[in-house]
Amino acid sequence: MRDAKEQFGPVAERYLHSASHGNEAELAFCVKLANPKGGPVLDVATGPGHTAFAFAPYASRVVATDITPEMLEVAAREAAKRGLKNIETRIAAAEDLPFPAESFEGVTCRVAPHHFRDTEQFLLEVRRVLIPGGWFLLVDTVGIDDPFADEALGEIEFERDPSHVRNYTAYRWLTMVAAAGLDVEHHETIPRPHNVVAWLDRMNVEEPARSRIIDLIGHSNGWLKEYLRPHGFGDDLTFHLHQITLLARKPS
């Protein structure tokens with residue numbers, strides 16, 4: 001398994017321009033769902049900063065953390081370009097957040113936890129840094145209830161990105177969030193379409209892995225095919241990854 005910092009450093013700029021990660025409608029929905037009240041917000045594993053940018057107008061300050069320096073450099077540069085002066089960046093692992101207890105009104109983490117080595121510890125850290133009554137917004141790709149199909153999905157993900165750990169099922173997320181002492185207020189799971197070329201290019205996947213992934217997706221069957229819903233062939237192939245959006249709250 002490759003370290004995420006090593007994997008994402010060379011492709012940081014590509015993630016800034018990713019249509020999927022910068023989806024304005026999805027980001028607006030996240031802000032509406034969390035309904036921030038103007039306090040400080042922590043964005044964990046910010047990548048190039050899309051989620052931090054979306055929440056900045058509604059927060060006193062946004063601290064954007066990541067383990068990849070190149071990602072934080074891109075986020076800081078883009079925040080300055082957009083005139084978002086209340087965003088600060090800091091290197092930090094999701095499982096060891098360097099902030100005092102009860103420091104933030106809200107914590108966001110979007111399309112990143114499938115890279116975390118200890119997700120349960122991350123969730124405990126989220127609860128620790130939240131003020132009583134504070135909210136936690138999670139968005140991430142989810143796995144498949146069938147274990148064999150889920151394993152096949154994991155192989156595709158790892159082939160594309162050796163820093164991938166796993167996509168948890170929606171049920172597993174609900175269980176882990178509750179176990180961390182957070183009350184789930186909303187959750188929904190929807191399929192998100194991806195063009196295979198853009199998906200592979202974003203991670204700079206080369207041959208022969210590129211052709212293997214396209215073949216695995218295009219010729220999937222059973223539960224995996226039902227999840228991926230592939231359409232088209234070769235470079236025109238489109239498929240789906242299912243994504244959970246979850247809002248939880250720390251008890252007052």
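## Strand E2

A residue counts as buried when its relative accessible area is under 20%. By that cut-off, strand E2 is mostly covered: five of its five residues are buried. The model is a predicted one.

Val62, Ala64 and Asp66 point one way from E2. Val63 and Thr65 point the other way. Residues on both sides are buried.

## Threonine 65

Threonine 65 belongs to E2, which spans residues 62-66. Its relative accessibility is 0%, so threonine 65 is classed as buried.

Sequence neighbours up to four places away are set aside here. Threonine 65 then touches Leu42, Asp43, Val44, Ala45 and Thr46, along with Leu72, Arg90, Ala92 and Phe99.

## The sheet

E2 is part of an open sheet of seven strands. The strand order is E3-E2-E1-E4-E5-E7-E6, and the pairing is mixed. Strand E3 (87-91) and strand E6 (183-195) are the edge strands, each pairing on one side only. From one strand to the next, the twist averages 15°.

Strand E1 has parallel partners in E2 and E4. Three bridges join E1 to E2, and the two run parallel. Leucine 42 has valine 63 as its bridge partner in E2. E1 (residues 41-43) is also joined by three bridges to E4 (residues 104-110), again in parallel. Here aspartate 43 stands opposite threonine 108 in E4.

## Helix H6 on the sheet

Helix H6 (residues 119-129) packs on the sheet. H6 touches E1, E4 and strand E5 (130-141). The direction of H6 makes about 145° with that of E5.

Which residues of H6 are buried? They are Thr119, Phe122, Leu123, Glu125, Val126 and Val129. Seen down the helix axis, the buried residues of H6 fall within an arc of 155°, so they line one face of the helix. Their cover includes E1, E4, E5 and helix H8 (170-179).

## Leucine 123

Leucine 123 is a residue of helix H6. It counts as buried because its relative accessibility is 0%. Not counting residues up to four places away in sequence, leucine 123 touches Phe136, Trp173, Met176, Val177, Ala180 and Leu182.

Glutamate 207 lies 84 residues from leucine 123 along the chain. Their C-alpha atoms are separated by 37 Å.

## Nonpolar cores

The largest nonpolar core has 29 residues. Leu42, Val44, Phe122, Phe136 and Trp173 touch the most other members. E4, H6, E5, H8 and strand E7 (238-249) each give two or more residues to this core. H6 gives the most, with four residues. A second, separate core holds 22 residues, among them Met203, Ala209, Ile217 and Tyr227.

What does valine 44 contact, leaving aside its neighbours within four places in sequence? The contacts are Thr65, Ala94, Leu97, Val107, Thr108, Cys109, Phe116 and Phe122.

## Aromatic residues

The structure holds six aromatic pairs. One of them joins tyrosine 168 and tryptophan 173. Their rings are 5.7 Å apart, centre to centre, with 75° between the planes. Planes over 60 degrees apart count as edge-to-face, and this pair is edge-to-face. Both tyrosine 168 and tryptophan 173 are buried.

Phe116, Phe122 and Phe136 form one aromatic cluster. Phe122 and Phe136 are also among the residues that touch the most other members of the largest core. Phe116 and Phe122 are both in contact with valine 44.

Leaving aside neighbours within four places in sequence, histidine 186 contacts Phe29, Leu33, Thr245, Leu246 and Leu247. Threonine 245 is 59 residues from histidine 186 in sequence. In space the two are 7.9 Å apart, C-alpha to C-alpha.

Key
Residues are numbered from 1 along each chain as its sequence is written. This is a predicted model: local features need pLDDT of at least 70, side-chain atom pairs count only at pLDDT 80 or more; totals for chains, interfaces and linings use all residues. Side-chain values use heavy atoms; hydrogens and water are left out. Rings of Phe, Tyr and Trp (its six-membered ring) pair if their centres lie within 6.5 Å; planes under 30 degrees apart count as stacked, over 60 as edge-to-face and the rest as tilted. Buried means under 20% relative accessible area, exposed over 50%, partly exposed in between (1.4 Å probe, protein chains only). Two strands pair if DSSP finds at least two bridges between them. Axes are lines fitted to C-alpha atoms, for helices over the stretch in contact, and angles run from 0 to 180 degrees between N-to-C directions. Contact means heavy atoms within 4.5 Å. The arc is that of the directions from the helix axis to the C-beta atoms. A nonpolar core is a set of buried Ala, Val, Leu, Ile, Met, Phe, Trp, Tyr and Cys residues joined through side-chain atoms within 4.5 Å.
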